[in-house]
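Please consult the sequence and the model shown below.

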Amino acid sequence: EDKYTQSETDVLIIGAGPSGLMAAYWMARYGISARIIDKRDTKVFIGHADGLRARTMELFDSMGIQQRVIQEGSISTEANIWVPGPQGKLVRQAYINISRVDESPFSNTCLTQGRIERFILDSIREHSDLDVEYGVIAESLEYDEELRNDPNSYPITVKVRVLGEDDSNVEDRSEAAGNEMNRNNLLPDDWADLAQRKKLQKTQVESIKAKYLIGCDGAHSWTRKQLKIPVEGSNTDHIWGVIDVIPLSDFPDVRRLSIVTNTAGTILVIPRERGLVRFYVPVQTCEAGTTDRFDRSKITPDLIRERVQAIFAPFTFDFKEYSWWTVYQVGQRISAQSTKDNRVFLSGDAVHTHSPKMGLGMNMSLQDGFNVGWKIALAVAGTLKPEVLGTYALERHPLAEMLLELDRTWSPMFNDQKPEVVDTKASDMALIAAKFEDFADGWKVFYPTSSLVWKAEDNAEFAFARHMIPGERVRPVKLRNQAEGTPLWTTRSLESDGRFRILVLAGDIRNLMQKQRIETLTKALAGQSGSNTSPLDRYLEIPGRFKSPIDVLTIHAAPWKEVEFFDFPEILRPFDPVKGWAYDKIWCDDACIFDRYCDGTAYEKWGVDRVLGALVVVRPDQYIGWVGELGDLEGLTHYLDGILVKKFPTGEIDPFL
Ligand code: FAD
């Protein structure tokens, strides 16, 4: 016991894959004492997951990293389906439009997980000193249930080992860098990272006490096993090979997302960055129903090449270069429980796995981490009521169920090769895609009613903003900055900086009655109306970050030329003696001559009256929490009271009690 160095942290994250890094992003944004460990000795550089759905891109925009993904990634606008035609030769039978420009500024984008991790890591470093501790493995977990109701206690003890030169599995932990790694495969910033890989030292051990633990440790989750949380489901009987190559092929859609089926099988063709194309190839089917692991050593890049050639025939296929390949057995698993007492949480592949052909695992894992991360961080900061943590399982578990249902419907499409099925495959696929479209793209998350999501029983909120639905995302729109005229998507202006955001949809302030309503509202926001405290000044600060956990953004609907920035009350455009006026706080739903996406239709898209406006609260993770009438500061305050911890200077009376 003595050899263990003892330490404490508020939050410990095990696993620095997509899910763990997203959770860590929030620790960085809120400035929380946290640690994140991973047994790999570096980040992922090549291969692994690669498909980003548009909703994930929207979240990346709110984090400020989306432009890097677009710059490097490959955008897929439709999925093409190829099947044998009347003469048996492959023909393009259909295409499914997977880009929905009316829904989102972003499309499905493919880029290696390694780059995505790079961008999140860079963002974490930009906002804090938090850094992933690589080459550190968690080895034992103790959890003291007695302490679970005391938010300031440390019920978790995790013993970790810094993997050193005398460890037997040193070879294993370097595998993440890829066997075919060479400098040409990497971009300079990743290469620098790899070159700085820590020199192996002597093995060290440490005992870390934590208030909260997030197990983001992947499909074989160590944390889940320690908690003895069961998983349901099993391996399916299909073995797949995946390879990233520069293709040499006369198949016309080799640089388009395609599903190619003939009697030799079905493959998935996914164009990627830097001329790479990924192929998902069925390589072996075990005895139906068997869950045995297969003999991995039999599968090689040459074998995968032959399988692609057989399915592509009579089109040609070959490659000289590949950057990464792997083999896996599809597993569909889910655990019913994703938390222990809301002190230990499981996130990402640790709670659900399915076939990579859905291209959703990383997206779901990123979004799980995003959901749980801000809640834990804000609870640790003392600003969020700890009971809100219960909404993680409530919100994410039904989506994991849905993911598996989609996978169960979709996967057989790739496995059943009977000629009569091949015929109807394209239309079947289109039907499934249509059924799950909103979910798969992430538009619909169906977050249910909770302290964080207020759905009025009589749907009263619909009267004010018909398409702003509590528990769903804010449909992205492009708005003009009132002071500058610059157009910007709301995915960017609603920055994921950790604060709740009140959207004052001010309507048309040329109308005198409306102007009066805004003045009444802003007086209350400023705490100048009778005994009411302002909601901006009512809750505990986010220590070291923000004086108030709430930000205000105003979006009005008058023509930009007919109102001025200074027509809005000062609380909506605060003044800082050093930084001047907050020009980024007033936005206008008006057309911009040089940007056709900024077309003055935001209020219509949101279902808001252009004169009367509405009031909306957006949660830190970019989902709508509350919607009401412009003047309903009381309703809004009730909502926030259920979530945030109030500060009451001595003697002050809570006006809403
Ligand atoms: P992981 O990425 O698995 O990360 C877990 C981390 O925990 C690892 O780094 C591991 O080293 C660490 N760890 C585990 N145990 C310990 C321990 N005891 N101590 C310390 N560290 C530990 N998804 C998509 O959305 N789109 C795709 O196109 C896509 N393609 C895929 C292709 C392939 C071939 C595969 C295999 C998966 C694909 N996926 C895809 C799925 C995606 O990779 C996963 O869903 C995603 O990586 C899960 O993220 P995670 O953070 O939950 O777990």
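Three strands make up an open antiparallel sheet, ordered β3-β7-β4; strands are DSSP runs (E, at least two residues) and count as paired if DSSP finds at least two bridges between them. Because β3 (51–52) and β4 (74–76) are edge strands with a single partner strand each, one side of each has no neighbour in the sheet. The antiparallel pairing of β3 with β7 (residues 108–110) runs over two bridges, and G51 has C110 in β7 as its bridge partner.

The model is predicted: local features need pLDDT of at least 70 and side-chain atom pairs pLDDT 80 or more, whereas totals for chains, interfaces and linings use all residues. Residues are numbered from 1 along each chain as its sequence is written, and side-chain values use heavy atoms, without hydrogens and water.

The ligand is surrounded by 35 residues, each with a heavy atom within 4 Å of it. The closest are D38, R40, D50, D349 and M362. By class, this shell holds 14 nonpolar, 14 polar (Gly among them) and seven charged (Asp, Glu, Lys and Arg) residues. Polar contacts, pairs of N or O atoms within 3.5 Å, include the following.

| Residue | Atom of the residue | Distance to a ligand oxygen atom |
|---|---|---|
| S19 | polar backbone atom | 2.9 Å |
| D38 | side-chain N or O atom | 2.5 Å |
| D50 | polar side-chain atom | 2.8 Å |

The protein covers 87% of the 1,000 Å² of accessible area that the ligand has on its own (Shrake-Rupley method, 1.4 Å probe).

Methods. Polar contact = N/O pair within 3.5 Å; in protein donor to acceptor, adjacent residues only side chain to side chain. Helix = DSSP H or I, 4+ residues; strand = E, 2+ residues; numbered from the N terminus.
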